[in-house]
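This report describes the fold elements of a single chain, with attention to confidence, sheets, helix packing and selected loop residues. The sequence and structure are shown first.

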Amino acid sequence: MSKQDYYELLGVGKDADETTLKKAFRKQAMQYHPDKNPGDAEAEKKFKEIGEAYDVLKDPEKRAAYDRYGHAAFEHGMGGGGRGGHGGAGFDFSDVFEEFFGDFMGGGGRRRRGGGAAAGRGNDLRFNMEINLEDAYRGKTDQIRVPTSVPCEPCSGSGAEPGSKPEVCDTCGGAGKVRASQGFFMVERTCPKCHGNGSVILNPCRSCSGAGRVRKEKTLQVKIPQGVEEGTRIRLAGEGEAGSRGAPPGDLYIFLSIRPHPLFKRDGDMLYCQVPIPMSTATLGGDIEVPTIEGKRARIKVPDGTQSGRQFRLRGKGMPELNGGFTGDMIIETVVETPTNLSKRQRELMEEFAAEGGDSVSPRSEGFFSKVKDLWDDLTE
């Protein structure tokens, strides 16, 4: 019985590109997968056929031979380009379905071969660091101490006693994984002997017990740029935990928090500051001095009749953008203070002021009670 055309099996045209082929193969594989069709011999046969078709058409050399000679290209040793031809022992289902299922599992690539590279990249670390608002304004360089894992010095991180070295695992041949056949599937799993490292240590280092790393507190310098905000993250590449047996280290992430300031509140590159002023200054006008985040003082002219809540803008006295550049403004909000603990003479003066119609020169309170009277003519105390 003649075989069905590979293009027809996958439901694509002869001009199908690699993406179209893979999409068609996925669709067919999901439809005829044995797990979805238990006990269905026809579905199992179809599943194998589409696997064979995809194995040929995804390989440019095999596909060129198939386009020219059809199925005959892989009979009697013809079309030997590629992995041992097709139609017999040369076909490896595990390679086809590893590529298929690897995309879903996030693998995105082939299994590791040979090499015996260490399996365990070091863990990333998090360090919480608190700074004050002045540090965020100026930027600073600071030292931190981080408990972490570092490569073992006596064995240089290999895990083997000095004078010896790890040996290639004889179970997986250095691949870190082993295969087992289950029906027409090849199942791949982590090597139980080397635990995915690809090598075994027969003579472990006495300092680190074969781990290749030891616990230690590390001192690092951290450069904090100008303009950082709450939650800013600084990454120090390669300063995380050391990897297992020579594997790459992880990274260190520093998360910044900015402690509340007693005078200033921040909103992006703007600073806000409430400044109390005496009632006499608010009434008669005058100059006041206010602090700035850079540690200096700025002078503001307050006009007569200034009310609480009036705002004054100091340009360029706010926070800088990250790493410098544009600098925001500072907003000063006045809070007029009511005098307390008056002397006898001060009280007499205030009473004279009230007797002379002092309430009539308070526009906000006068306007408020005028509106109340308009709303409720019969309002009584």
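The model is predicted. Its chain has an average pLDDT of 81, and 80% of the residues score at least 70. Among the elements of the chain, strand E14 (residues 311-314) has the highest mean pLDDT, at 96, whereas helix H5 (residues 93-104) has the lowest, at 46. In residues 76-96, where the pLDDT is below 50, the model shows 46 contacts beyond near neighbours in sequence. Residues 98-118 are likewise below 50, and this stretch has 48 contacts beyond near neighbours in sequence.

**Sheets**

An open sheet of 3 strands is arranged in the order E1-E9-E8, and its pairing is mixed. Strand E1 (125-131) and strand E8 (233-236) each have a single partner strand and stand at the edges, so one side of each lacks a neighbour in the sheet. On average, neighbouring strands of this sheet are turned by 25° against each other, direction ignored. Strand E1 pairs with strand E9 (residues 252-258) in the parallel sense over 7 bridges. Within this pairing, phenylalanine 127 has isoleucine 254 of E9 as its bridge partner.

A further open sheet contains 4 strands in the order E10-E11-E15-E14, again with mixed pairing. Its edge strands are strand E10 (264-267) and E14, each of which pairs on one side only. Strand E14, the element with the highest mean pLDDT, runs antiparallel to strand E15 (residues 330-336), and 4 bridges join the two. The bridge partner of glutamine 311 in E15 is glutamate 333.

**Helix packing**

How do helix H3 (residues 41-57) and helix H4 (residues 60-69) cross? Their axes come within 6 Å and cross at roughly 105°. Angles of 65 to 115 degrees count as roughly perpendicular, and H3 and H4 are therefore roughly perpendicular to each other. On the H3 side the contact is made by Asp55, Val56 and Leu57, and on the H4 side by Lys62, Arg63 and Tyr66. By class, the contact comprises 3 nonpolar and 3 charged residues, with no polar residue.

**Loop residues**

Serine 156 has a phi near 55°, a positive value in a residue other than glycine. Serine 209 also has a positive phi, near 60°, and is likewise a residue other than glycine. Glutamate 241 is found in the loop between E8 and E9. The table sets out the accessibility of each residue.

| Residue | Relative accessibility | Class |
|---|---|---|
| Serine 156 | 64% | exposed |
| Serine 209 | 67% | exposed |
| Glutamate 241 | 12% | buried |

Serine 156 is located in the loop between strand E2 (140-151) and strand E3 (167-168). The loop that holds serine 209 lies between strand E6 (199-200) and strand E7 (213-224).

Why does glutamate 241 count as buried? Residues under 20% relative accessible area are classed as buried, and glutamate 241 has a relative accessibility of 12%, so this residue falls in that class. Not counting residues up to four places away in sequence, glutamate 241 touches Gly122, Asn123, Leu125, Thr148, Ser149, Arg215, Pro249 and Gly250.

Key:
Residues are numbered from 1 along each chain as its sequence is written. This is a predicted model: local features need pLDDT of at least 70, side-chain atom pairs count only at pLDDT 80 or more; totals for chains, interfaces and linings use all residues. Side-chain values use heavy atoms; hydrogens and water are left out. Two strands pair if DSSP finds at least two bridges between them. Axes are lines fitted to C-alpha atoms, for helices over the stretch in contact, and angles run from 0 to 180 degrees between N-to-C directions. Angles under 35 degrees count as roughly parallel, over 145 as roughly antiparallel, 65 to 115 as roughly perpendicular and the rest as oblique. Contact means heavy atoms within 4.5 Å. Ala, Val, Leu, Ile, Met, Phe, Trp, Tyr, Cys and Pro count as nonpolar, Asp, Glu, Lys and Arg as charged, and the others, Gly among them, as polar. pLDDT is the predictor's confidence in each residue, from 0 to 100. Buried means under 20% relative accessible area, exposed over 50%, partly exposed in between (1.4 Å probe, protein chains only).
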